[in-house]
Amino acid sequence: MIIHSRNRRLRMHQSLRSLVQETTLTTNDFVMPLFVMEGQNKQEPIPSMPGIFRRSIDLTVKECQELYSLGIKAVNLYMKVPENLKDNTGKEAYNPDGLMQNTIKAIKNAIPQMILMPDVALDPYSIYGHDGIITNGQVDNDATNEALAKMSVSLAQSGADIVAPSDMMDGRVAVIRQALEENSFPNVGILSYAAKYASSFYGPFRSALDSAPKANTEIPKDKKTYQMDFHNSREALNEVFKDIDEGADIIMIKPGLPYLDIVSKVRDAIDLPIAVYNVSGEYAMIKAAAQNGWLDNDKAIIESLTSIKRAGADIIFTYAAKEAAILLNS
Ligand code: PBG
């Protein structure tokens, strides 16, 4: 029999393959998460995330300059909060002279065009390692929302462009939106972690910030009463639509690679920009395998980030942003 239809025809040369290529990854797609700590001229490697560091503010600014010159125009900020500043109210999160606030001011001052998307959640500030205030042994949704609103206003006052609540409390987008409007920040956006799953892939991140839920019999040991159950898919749409109604500007889905079915489903359902978080455990897996010589680091990174975009992401939060930018620029 004669075969007339041959899909291989369009794969015969690189030039032809590039003509029919459907997805193109660029540095415009990336947001780089950065870990900040107190001190001056300090940089500490994070063992479970090879190539990633905690840095003092001065070195963070320097890193942002490098990122910007590579074409990365947005960073997501996380603080390593000293134990003595942690409590059960999270009040350090809205200290006008806090580490996050000072980091935002320093980066904005040096690189005004860099988009700053600080994380909004209480876990790095919590003695319990939870994203919320604990009342009677439970994560207290509405009390937490009040703290998150104060934190968001404080970050806006410091110069944040977009606040990124990652806590998964119900109704917090509405409470934060209202607080931003009332405090004259109509143009500060909200990137809402709308579908964030209770995932084992956050392990390396929690060790970077020492922010894992503390072993204590009185309080929940995990985040399953607020983050989503990984067995669920339809529930993601329910979360996404609620956050859109409450005023979210960008919708986040997290983790990334094991959840591309969710990304694709949400992409089909909404027209708002979608961000996907290629989380610490996804990064650590590639690094560990590459260090063992089991796969090619550079190729695996470009392939996995392209897959996230192909599934429907407009924006990718990834610890590999800098090395991917270097690869894409070369
Ligand atoms: C906490 C927060 C987490 C991450 C971002 N913000 C961890 C968690 O929910 O426990 C994880 C990011 C990563 O693993 O890269 N609000």
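Which backbone oxygen does the side chain of Asn-76 reach, and at what distance? The side chain of Asn-76 reaches the backbone oxygen of Met-117 at 2.8 Å, where a polar contact is a pair of N or O atoms within 3.5 Å; within protein, one atom must be able to donate a hydrogen and the other to accept it, and residues adjacent in sequence count only if both atoms are side-chain atoms.

The structure is a predicted model, in which local features need pLDDT of at least 70 and side-chain atom pairs count only at pLDDT 80 or more, while totals for chains, interfaces and linings use all residues. Residues are numbered from 1 along each chain as its sequence is written, and side-chain values use heavy atoms, with hydrogens and water left out.

The secondary structure of the chain comes to 11 helices and 12 strands; helices (H or I, at least four residues) and strands (E, at least two) are DSSP runs, numbered from the N terminus. For 330 residues, a compact globule would have a radius of gyration near 20 Å, and the chain agrees with this at 20 Å. The radius of gyration is taken over C-alpha atoms, and the globule rule is 2.2 Å times the number of residues to the power 0.38. Along its principal axes, the C-alpha trace spans about 75 × 45 × 40 Å. Buried residues make up 54% of the 330 residues; buried means under 20% relative accessible area, exposed over 50%, and partly exposed in between (1.4 Å probe, protein chains only). The chain exposes about 15,100 Å², of which carbon and sulfur atoms supply 51%. Accessible areas come from the Shrake-Rupley method with a 1.4 Å probe, and for residues only the protein chains shown count as cover. Among contacts (heavy atoms within 4.5 Å) between residues at least 6 apart in sequence, 74% join residues at least 24 apart.

Asn-76 is found in strand β4 (residues 74-79). This residue counts as buried because its relative accessible area is 0%. Not counting residues up to four places away in sequence, Asn-76 touches Val-31, Met-32, Pro-33, Leu-34, Met-117, Pro-118, Asp-119, Ala-164, Tyr-193, Tyr-277 and Phe-317.

Strand β5 (residues 115-120) is mostly covered, with 5 of its 6 residues buried. β4 and β5 pair in the parallel sense over 4 bridges, two strands being paired if DSSP finds at least two bridges between them. Within this pairing, Ala-74 stands opposite Ile-115 in β5. Together with helix α3 (residues 99-110), β4 and β5 make a right-handed β-α-β unit; a crossover is right-handed if, with the strands pointing away from the viewer, the path from the first strand over the helix to the second runs clockwise. β5 also pairs in the parallel sense with strand β8 (residues 162-165), over 2 bridges, and Val-120 stands opposite Pro-165 in β8.

Strand β11 (residues 274-278) has 5 of its 5 residues buried. In a regular strand the side chains alternate between the two faces of the sheet. In β11 both faces are covered: Ile-274, Val-276 and Asn-278 on one side and Ala-275 and Tyr-277 on the other are all buried. Strand β10 (residues 250-254) runs parallel to β11 and is joined to it by 3 bridges, and the bridge partner of Ile-253 in β11 is Val-276. The chain crosses from β10 through helix α8 (residues 260-269) to β11 in a right-handed β-α-β crossover. Strand β12 (residues 315-318) is likewise parallel to β11, with 4 bridges joining the two; Ile-315 in β12 is the bridge partner of Ala-275.

The loop between β10 and α8 contains Pro-255, and a cis peptide bond with omega of about -10° joins Lys-254 and Pro-255. Pro-258 lies in the loop between β10 and α8 and counts as partly exposed because its relative accessibility is 38%. Pro-258 touches Phe-201 and Glu-282, not counting residues up to four places away in sequence. Pro-258 and Lys-322 are 64 residues apart in sequence and 22 Å apart in space, C-alpha to C-alpha.

Positive phi values occur at two residues other than glycine, Met-168 and Ser-184. Met-168, with phi of about 70°, is placed in the loop between β8 and α5 (172-182) and is buried, with a relative accessible area of 4%. Ser-184, with phi near 65°, is placed in the loop between α5 and β9 (189-196) and is exposed, with a relative accessible area of 58%.
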